[in-house]
Each structure stands twice: as C-alpha cells, then as structure tokens.
Amino acid sequence: MYFGRDGVVSACCYTRSAKMGRYPDQSIEEIWTGAEANSMRAAMRRNELPGGCDLCADQFYARNFKGFLARQYDDNARLPEAPGWLDRVRSVLRPQRIKRYPTRLDFELSNKCNLECVMCSGFFSSSIRANRDNLPPLPQYYDKAFVEQLLPFLPHLTHAKFLGGEPFLIDLYYSIWDNLIKVNPGCSVSITTNGTVYTDKVKRVLEMLNCEIIVSLDSVTKSTYESIRRNATLERTLDNVEKFAAINRLKKAKGLTIAICPMASNYREIPELMTFAGERGIRVFFNTLVYPATQSIKALPQAEQREVLEVFRSAIPEPRTEIEKANREAIESFCRQIQYWINDDPSAEPPALDEKYAALLARYSKSGYLTLVLSDLAGRSAPNVVHLIEVQEPDPVVALKGYMSALWEAAGLLQAEGQLQGMSFDTEKLTGWLEHIQNTVEPERARSMFSELRRFPREMLRFAGSCSGAQLIELLESHHPRQSGTAPKNQ
C-alpha cells in the first residue's frame, strides 16, 4: 500500500488515479481488504495491467528496465511464510482465520519540505506551496491514530519506503521509525532524502534501522545543483552524503543510491555525475520525468533529444566494478527510454540502420514479408511494402501469420551467417504458433499484434528463439484466451 499525502491509498505512487481507498474515511485494514484492492489483485492474476499503470507500460515498452518502477516490487510477490509449524497447520486447515498482511508499505504522509525544486510542485513541497503558489498549507490527513493502526502491520513488513517532502523533517515518520526499531528492526527501510538534513535524530534512525538512503542529486556542479534544488547548498549536501555513507560503512549496510532527475537543464552534466558516483561506489537511479513539460526531456525537440542521447552515451565507460556495471545498465535503460520517445514521435526520422540487418535487406529487397521484417530489424521504414501487403492480404490474421513466418525466415538467414547462435527457430515451433494464431486471435487483435511486432521485432526475435513452442503458445493463450470477449486494454 502507498499512503499519499492527500489520504489517498494506492498500490504505488504511479497509480494514484486508481485508488484503493482513503484514510481516514476507511481504516488501514479496510483499505487492504476492500473491494478496490481485491479488484486490482484479480486484474493482475489475469495478466492485465490495472488502471493507473500507464507510465510503467511506457517504460516497459521502451525497455527502460532499470528505471522500471514495477521491478521494485518483485521481491514482494511471495507471501512470507508463517512463523511457526502450528501457524502453518492453521493456515491450511482454517485459511480464513489467518490474516494476510502486506509485506511492503510506502509512506508519503506530508509535503513538509525545505526546498523549492524547479521540477516540483506545491503538492510535494510545503515551501513551494507557501512561497511560489502563495497558498495555505495542505490539510494533514495522518495522525497518531494512523500510527496506532499501523502497529499490527509493522511486524510483517519486509520493506518500508519513506518519501516526502523531506522525510527527515516529518515528525510522524520518527514515530513510525521508533515503532519499527521496537518490533521489526530488520525490515529493509528506504528513505529518499534531498540530503540537506542531518541531526542526532537522523543519526539514531540510520544506526538503529536497516536503512537504504537514496539522495536526490541532479548535478555536482554548484551553480546547476543550486539552480535546480533551490534553498540547498551543494557543499552541505555532499557533506551529508559522506555522513550517510560513513554510517553505512560502519554497519556494513547497503550503500547509497543517488536518484537523478535528467532534465533539459542538467543533461549535459550527467557524465560528470556518473563519474562522481562511480568513484565513490554509489549506485545511480534515473527518474523518468514527464511533468512539468518545461523540464522534461520527453518534451524537447527531436534534435535536442538526439543530442541528449549522445551526451548520455558518452557517460558509459567500460565498468570496472559491479556498481559501475549496474550504473551503466541504468543509463543504458534511460537511453532506451529517450530512443522510445524519439521513435514514438510521428514526425521522427527513422533510426540509424543496424548494419547486420541492412546487409541482408540489400540482398532480399523484393521478398514481400521478409523485406518488411528485415526493414523493421534494420530500423528502416518500409511504407510501400506495408501498403502492398495490406492490398494483397486485407485479412489481418493472414498478415500476422505472414510476418511471423518471415521472422523465422530472417532468423534462418542470420543463423547461416553466424548470428543468433544457441537459439531455436524450428519448423514445429512455428507451425504450432501459426495454428494458434489462426484458431484464437480475432482480426482486430491480429491487426494490433501486427503493429506491436513491427515495433519491437528484435525483442520478439530473441524471445521466440529462446522459448519452446509450448511456452510461446502458453504466452499467447494467457493474453488472448479462446473464449469470446474483448482483449484486456493494456495487454
């Protein structure tokens, strides 16, 4: 459960529009066991993305896996085992008597903050609300009663995340941390801070709990940093970063993470920030900033987006350590996000040709579907071929089958030239796949799948070659069952 500052409780910070409930209108337990939460669980079991999951879908299709918020919840997928043998017996004999608790809670209880960051708003910062928006403080929905209601939940947590505002300025958090110290000090606690606050109270929390500190840091150039994180000074933040790191080293705890907001105003300084993190053994995480548009890389002109890509790719040296390897993967993922934004622009120029596919394309330039597949793999649009196929074969199911067959043919050509080694594209697998499409996929869905495959042909090629025929059929069956009905919206 994610507790938002306006009392809205959702599954995560991205799904605020699909609320599970609202505190204090409902108790924490009522929200956790309520109809909205159960409806969301049911959708997930059907392999559907529930409402509010659009941003994760965007990151997924962009293959921005390191910036993919949904991955953070993978560790919570399995319920914790009951603590003793008697409880396990009871869970089998009387499952309705065993109360299931969440293993992770995220808290965003207040917007109390000392900074006025340029990409932030009064909803997230009390200073912005007072000084920039000239508005009264937001109402406070959480109180001591909320902390009391949390008590039965705390012993079952494996993860707890605290956001702001600035967490170290929010008094209610210290009450929750004190309770965690008493009943569940081993819980993995994540605190995202702007790095400007360090007191004896902060030191005690870091020493007594299993804390991971995530510091928001967008530049290590003083003028840029202070123009973004207004009211902060770079020297003080970096001094506190070292204090956080010192406590972690003493406890042999998790290292620090720097959360970066790549924006129009700081993207040229990302290479320097990557070097700073690598030299200190600090992991990096890239936030995907969409709003406000004035700061978002997504809203930049395409030419400047390409410049951002060049700058970011220059920040990817050969890794020497595991942390540098992870940081490289993080920035590569964000590069894929930018490339996805560029390609999603209808006015975009086609991406640069991939030479290994382009060479085959030159040899098989008049082979119908094979030409289309090789054009897609090479990154070259082939509108005339698409038009010809649509005229010759108006049935989208036939078109989808033709594209799949050509994908297998392309794989054979690539394997003959030493590519895709260790992958399997046997005829039996393809035959089963095509039969399943013919028997189960409705024309409208086939048209949509045809477009999806053309958008990600390289991913499909690798996926199909690494799976068995049964796995391919099972995947399609799970998304597009035989019974009639409309396909899930977000599949």
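**Notes on the predicted model**

1. Strand 6 and strand 7 (residues 210-216) run parallel and are joined by six bridges, where two strands are taken to pair if DSSP finds at least two bridges between them. Within this pairing, Ile 191 stands opposite Ile 213 in strand 7. Helices (H or I, at least four residues) and strands (E, at least two) are DSSP runs, numbered from the N terminus. The model is a predicted one, in which local features need pLDDT of at least 70 and side-chain atom pairs count only at pLDDT 80 or more, while totals for chains, interfaces and linings use all residues. Residues are numbered from 1 along each chain as its sequence is written, and side-chain values use heavy atoms, with hydrogens and water left out.

2. Strand 6 is also joined to strand 5 (residues 159-162), by four bridges, and these two strands run parallel. Lys 161 has Ser 190 of strand 6 as its bridge partner. The path from strand 5 to strand 6 passes through helix 7 (residues 171-183), and this β-α-β crossover is right-handed, a term that applies if, with the strands pointing away from the viewer, the path from the first strand over the helix to the second runs clockwise. A right-handed β-α-β unit is likewise made by strand 6, helix 8 (residues 200-208) and strand 7.

3. How many of the residues of strand 6 (residues 188-193) are buried? Six of its six residues are buried, where buried means under 20% relative accessible area, exposed over 50%, and partly exposed in between (1.4 Å probe, protein chains only). Both faces of the strand are covered, with Ser 188, Ser 190 and Thr 192 on one side and Val 189, Ile 191 and Thr 193 on the other.

4. Asn 194 is placed in the loop between strand 6 and helix 8, and Asn 194 counts as buried because its relative accessible area is 6%. The side chain of Asn 194 makes a polar contact with that of Asn 114 at 3.1 Å; such a contact is a pair of N or O atoms within 3.5 Å, and within protein one must be able to donate a hydrogen and the other to accept it, while residues adjacent in sequence count only if both atoms are side-chain atoms. Leaving aside residues up to four places away in sequence, Asn 194 touches Cys 113, Asn 114, Leu 115, Glu 166, Val 215, Ser 216, Tyr 225 and Thr 237, where contact means heavy atoms within 4.5 Å.

5. The count of aromatic pairs comes to 22, under a rule by which rings of Phe, Tyr and Trp (its six-membered ring) pair if their centres lie within 6.5 Å, with planes under 30 degrees apart counted as stacked, over 60 as edge-to-face and the rest as tilted. The pair of Tyr 23 and Phe 146 is edge-to-face because the ring centres are 5.1 Å apart and the planes stand at 70°. Tyr 23 lies in the loop between strand 3 (21-22) and helix 1 (28-32) and Phe 146 in helix 6 (residues 144-150), so this pair ties together parts that are 123 residues apart in sequence. Tyr 23 is buried, at a relative accessible area of 3%, and Phe 146 is buried at 0%.

6. A stacked pair is formed by Phe 286 and Phe 334, at 5.8 Å centre to centre and 25° between the planes. Phe 286 belongs to strand 9 (residues 283-286) and Phe 334 to helix 13 (residues 322-344), so that the pair links distant parts of the chain, 48 residues apart. Both partners are buried, Phe 286 at 3% relative accessibility and Phe 334 at 1%.

7. Lys 201 lies over the face of Tyr 174, 4.2 Å from the ring centre, and the charged end of Arg 41 sits over the ring of Trp 32, at 4.4 Å from its centre.

8. Overall, the protein has 21 helices and nine strands, and 47% of its 491 residues count as buried. Of the contacts between residues at least 6 apart in sequence, 69% join residues at least 24 apart.

Note on methods. A charge sits over a ring if NZ of Lys or CZ of Arg is within 6 Å of the ring centre and within 35 degrees of the ring normal.
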